[in-house]
Amino acid sequence: MHVRLLSVLLVFGLILAFSVGCQSETTTTKPVVTTTTKPITTTTADPRLTINRFGWTVPAETLTITGYNSSGNFNMSEEQKQGRANMDKILLEEFNVIFNMITTDGNGTEYLNLLLASGEYPEVIYNTSYENVLRLIDLGKTKELSAALEAYGQDIKKAIGDLYPLFLDAEKKLWYIPIGVGALMELPDWSAHVRWDEYKEIGSPKIATPDDYYNVIHQILERFPKTPAGESRYALSLFNRPADNVTGPMGGSLAGYWGIKSGWKVASDNSLTYWPFTEGGKAMTKWFNRFWTAGTMDPDAFANNFDEWKAKFSNERIVGAIGGWWITYSAGHEVWRLVDPNFHEDKRFVQVGFKAPEAEASYVTGKNKYGGSNTVITDKAQDVGRVISFINFQATEPGLALFNWGVPGKLPTYKDPNTKIRIWDIDESGAWAFDETSKEQLVSETFDHPASGVLGFGNYVLFSHVNRWADGVHCVWGNQMWYELNPWKTLLIQNMNGTIYDYTPMVLRQKSESVVLLETAIIDTWRQNWPLAVQAKNDAEFEQLWTAFQNAIKAAGIDEYTRIVEENYKTNITELG
Amino acid sequence: MLLHHVDWRRAGKFKRIWKSFYTQRQLWLLCFPIIVWILLFAYYPMYGVLMAFFNYTPGREIFQSQFVGLAHFKRFISNPVFMQLLRNTLAMSSLGLTIGFSAPIIFSLMLTEIGHVRIKKLVQTISYLPHFISWVVAGSIVFLLLSSDGVINSLLINLDLTEQSIPFLTRGQYYWAVYTLANLWKSLGWSTIIYLSAIAGVDEELYQAGAIDGLGRLGMVRYITIPSILPTIVLLWILGIGGILNAGFEQHLILGNPMTQNYWDVLDTYSYRYGIQLGYYSMGTAVSLMKSIIGFSLVYMTNRISRRLLDLALF
């Protein structure tokens, strides 16, 4: 009897566990709908459709769009969850639009593959890579958009501008819409950094060449060999095993200080040479080797991930930095402001530009105007025109503001409902303005970014451009405006002037499986071999390891890859005129 | 009237099976969900191995994809990194089969020799606690111990045993040792459990007889304990041989870095990188299918050899 009862209980328990385990880990969360507020509709007395304050023609029937956000690793803070609810509310009340966003907290591409395999993909897939776009086109699951764009997407076309031909296939058809197209050409992305207060202490010597930077960093290290806590310091460290963030996925981006463009030496006839086979690439590696042989480079420079590097940096154990300008913000003064009771404004890193004497120019920041991700309308879409209309709205200035700055007006913050936050506002006539208080906070770098999550920006962006708007001032990023009012941004722009170039024609987008395998083999090879050359103990060993590095890259297939990249570059140069 | 031939022996056999089923119906009821689960999630998805013979893309049915036969297998074997992958896989799994296999046996024998019950239980508990730590945490511990500023290097420098820190984590030559030791630390206690239970099953009278015959402690181990647990050792050995091409996966993603990649990149990590991350499922499936066939063949051969030589077999 006991055995029978136990068996039944165990079976029941197993079935229960089985059914619980089968629950989906991903969410298709429906937006919050407030039933007390009716959506705006046309009345039978007035056949004209209503145009709201944003300039959006409100449809008579609620426009429902379901989209898979394939960026992956989706994780919202409480502020952001509230923000999403706020955005859903305004979309329904003032636009008569419901956007159902499907997300995953795992890998975005892997989940997309599952959606495709099960046939449960939605009508819109956005924030997806170009490789995924190509696959969707190959599967025949995308709608061709050029006609719909002509009819309903003129603002999108205008925003893409001269780059439009680059997004068409060989038959001049358009199968996707880019997100983040364009570039802020005056804003540098990468640089070397030096700590301002320490730099001033040693007399602010001029930094015009890589050797000047090396000397300045070591002078600072000699002057301040220990942290306030008594720990030893390093002149330099790297992260992302090794330093993708510095050198880019193909390696060699920092060789830009030696005249190399994103890992390639470009000759006058537009032929390309991969950086390990250039004098600039070798000089860059030898320069890093100087730190290593001097014993002042972090021994874990090639093993750190970003968090490990950040921990050392925030503890002031690293004197110099090389990478995106934001890394010394997030690991430096934004941390010290909160934890250091003796914090002062000069305790921060500034970005420095320099150029190797033999280089024609410094090419440190390559701007890619293709955009960071893409939107595809799939074969499940019933009415492509209506979806394009919605995306087209996102290309207008009120649309860019709404989806990238957030809900207009003052909204209560999550932590303290009595405190309100606002980035922008728009009146009934459609006149909009950036909030002055937020502007001051952004300029003084005291803006509370986490709290602004309640404004709900960033979730439903199916199109955006990152160029300056018509007034030449505003853009989608709140912290990239009014540089002239921010002395630190002014210094950044000034120091890095001349190091930015247009990388768009060099981007290789059409990749077959064999090209992807080739590229991956080359990336794996430089990642394994370049650090060995940097860690050479003396000149003889350096030469030997450098030769071994070159041979390994050759064996990985660089000749064929160079041929493919060069052909692509020359074609794009022609297309772009 | 025609008489249909009836095989009464068969009818009898079915009747016996049914009777056996009915008698053990509660156990069958208990097993039923598991059997369904195995059929659904282990056997049914096996048809997916066909992906290895097609150029499969998610979103298209397998049989709608282009049939390529053994192309993916050939491409993988002719890949310049294939020998490196095989070398790393065999090296690390061999270390696991030697050190990793013998250590739990030796440890369990040593545990058995501890007289004090409380101390024995304490040591045993401490030894298998690392099994419950995820590799993410274990990796952090390894980094804490072995990084250039880590505990081990600090100790070595302070004791003047070395002038500079030893690059345990950034030099490939150390990787196999780091991996094997980390794996051993994590799995030793847990693997010991099965041997301890086997040792616990040894008849006490054998030890008493051995004592009478003048066997010391080592003699007891050599002539009584080890022969008694030999079936367990052989069984686990056969299973271990079948897994010779399994040389870890998540451990390498956590402990490894690009500087040591030419020592930790194994068949599984390659399959993950190309199959899952880059989305070439056909290639990943081909690699995994190859591994499974080789692994099964090894299990079968080892089982036969064991039956012939030792009269012990898994099946």
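Start by selecting B:Ala286: with 27 C-beta neighbours inside 10 Å, this residue counts as buried (buried means 20 or more other C-beta atoms within 10 Å of its own, exposed 12 or fewer, partly exposed in between, with C-beta atoms placed from the backbone). This is a predicted model, where local features need pLDDT of at least 70 and side-chain atom pairs count only at pLDDT 80 or more, while totals for chains, interfaces and linings use all residues. Residues are numbered from 1 along each chain as its sequence is written, and chains are lettered from A and ligands numbered from 1 in the order in which they are written.

Now show what B:Ala286 touches: leaving out residues up to four places away in sequence, that is B:Ala52, B:His72, B:Phe73 and B:Phe76 (contact means backbone-placed C-beta atoms within 7 Å). Draw a C-alpha to C-alpha distance from B:Ala286 to B:Phe76 and you get 8.3 Å, although they sit 210 residues apart in sequence.

Zoom out to the helix that holds B:Ala286, α14 of chain B (helices are DSSP runs of H or I with at least four residues, strands runs of E with at least two, numbered from the N terminus). Select 281-310: these 30 residues reach 42 Å from first C-alpha to last, close to the 44 Å expected at 1.5 Å a residue (1.5 Å times one less than the number of residues). Buried residues of α14(B) include B:Tyr281, B:Met283, B:Thr302 and B:Asn303. Colour β1 (54-55), α3 (71-77), α10 (217-242) and α13 (267-277) of chain B to see what the buried residues of α14(B) pack against.

Next, the largest nonpolar core, 95 residues, where A:Tyr213, A:Ile217, A:Ala235, A:Ala533 and B:Val178 touch the most other members (a core is a set of buried Ala, Val, Leu, Ile, Met, Phe, Trp, Tyr and Cys residues joined through C-beta atoms within 7 Å). Helix α18 (539-556) of chain A gives this core the most, seven residues. Pick B:Val178 and, beyond its neighbours within four places in sequence, you'll find B:Val142, B:Leu146, B:Phe168 and B:Leu255 in contact with it.

Last stop, the interface: 31 residues of chain A meet 25 residues of chain B. On the side of chain A that touches chain B, α1(A) provides the largest share, eight residues.

How values were computed: Two residues are in contact if their C-beta atoms, placed from the backbone, lie within 7 Å.
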